[in-house]
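Visitor: I would like to go through this model term by term. For each label, please give the rule and then the value.

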Amino acid sequence: MQLLSQLDVAGLLPFIAVGFGAQLVDGALGMAFGVICNTLLVAVMGVAPARASANVHIVETFTTAVSGISHALHGNIDRGLFLRLLIPGVIGGVTGAYLLTNLDGNTVKPFVLGYLIAVGVYLLIRGLVFPPKVSKPKVVEPLGLIGGFMDAAGGGGWGPIVTSNLLVQGVEPRKVVGTVSAVEFFLTSIVSATFIYHLGVKDFATATIGLLIGGVAAAPLGALFAKRIPMKVMLVLVGTVLTITSTYGFVRAVLM
């Protein structure tokens, strides 16, 4: 309670705006909340990569819990695929979180932003490609390991990397979204615990609460946009925004 009473309302506003905008996109796409939040926090607001990633994962612990339960109730989870993604995803996530919290922020920043540029370009390209026919996935465990690692190291990327690659392999879309969302709850929970262990929880209140408020407020609008805006259009828009903002941050980080 003492921590909450010390919050600066004006200081919350930028984080509320970031959470609101990111959730609008995530509600329409089913992915990219973490990537967008991390891009804006690191590239625009100047938050250290490890702290930005930690804040995003703490918020996602709550949002992915609701999402995973919802998908389970609607029968959108493939149990076999869930188990194949879970262990590699958690291992990759903990490894990425550990490495990020033990590296100097200024040193790792260009690499994180470079990764986010790649994610933005990937989403842009993905938005221009027709989805393949439904088939069983061949590459799952390595995908989970890489997705978990990059998600922790970049503050986002599990959804864009894992979901998009499974769709490319032809997995049924509703099973992909449901299963990846369910696994993400366990991933974000463990990654958040890893960050808190290394960084502590004291300085997380403002950013975390701000992102939570913005995300919750935008959730109904994101669902509405999902019905009105074609997914291909949203992917192109997200890819464009991520590429531009991450490139801007990357150039600044390299030149500084």
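Visitor: Which residues form one aromatic cluster?

Guide: Phe 82, Phe 185 and Phe 186 form it. Before going further: this is a predicted model, in which local features need pLDDT of at least 70, side-chain atom pairs count only at pLDDT 80 or more, and totals for chains, interfaces and linings use all residues. Residues are numbered from 1 along each chain as its sequence is written, and side-chain values use heavy atoms, with hydrogens and water left out.

Visitor: How many aromatic pairs does the structure hold, and what makes Phe 82 and Phe 186 an edge-to-face pair?

Guide: There are 2 aromatic pairs. In the pair of Phe 82 and Phe 186 the centres are 5.9 Å apart and the planes stand at 75°. Rings of Phe, Tyr and Trp (its six-membered ring) pair if their centres lie within 6.5 Å; planes under 30 degrees apart count as stacked, over 60 as edge-to-face and the rest as tilted. The distance therefore meets the pairing rule and the angle falls in the edge-to-face class.

Visitor: How do you know that this pair links distant parts of the chain?

Guide: Phe 82 is in helix α5 (residues 79–101) and Phe 186 in helix α9 (residues 173–199), 104 residues apart. Helices (H or I, at least four residues) and strands (E, at least two) are DSSP runs, numbered from the N terminus.

Visitor: Why is the pair of Phe 185 and Phe 186 called edge-to-face?

Guide: The ring centres of Phe 185 and Phe 186 are 5.3 Å apart and the planes are at 70°, so the pair is edge-to-face.

Visitor: What makes Arg 84 and Glu 141 a salt bridge?

Guide: Their side chains meet at 2.9 Å, N to O. A salt bridge is a side-chain nitrogen of Lys or Arg within 4 Å of a carboxyl oxygen of Asp or Glu, so the pair of Arg 84 and Glu 141 qualifies. By this rule the count comes to 1 salt bridge.

Visitor: Which residues form the nonpolar patch on the surface?

Guide: Ile 87, Ile 91, Leu 145 and Ile 146 form it, with about 370 Å² of accessible area together. The elements that give two or more residues to the patch are α5 and α7. Patches are made of residues with over 30% relative accessible area and no salt bridge: like charges are joined within 9 Å, nonpolar side chains (Val, Leu, Ile, Met, Phe, Trp, Tyr) within 5 Å. Accessible areas come from the Shrake-Rupley method with a 1.4 Å probe; for residues, only the protein chains shown count as cover.

Visitor: Why is Ile 87 called exposed?

Guide: Ile 87, in helix α5, has a relative accessibility of 52%, so it counts as exposed.

Visitor: Which residues touch the most other members of the largest nonpolar core?

Guide: Leu 85 and Leu 166 do, in a core of 53 residues. A nonpolar core is a set of buried Ala, Val, Leu, Ile, Met, Phe, Trp, Tyr and Cys residues joined through side-chain atoms within 4.5 Å. Contact in general means heavy atoms within 4.5 Å. Leaving aside neighbours within four places in sequence, the contacts of Leu 85 include Val 140, Trp 158, Leu 166 and Val 183.

Visitor: Why is Asn 76 called buried?

Guide: Asn 76 has a relative accessible area of 13%, so it is buried. Its place is in the loop between α4 (49–73) and α5.

Visitor: How many helices and strands does the protein chain have?

Guide: The secondary structure comes to 11 helices and 0 strands. Buried residues make up 50% of the 256 residues in the chain.

Methods: Buried means under 20% relative accessible area, exposed over 50%, partly exposed in between (1.4 Å probe, protein chains only).
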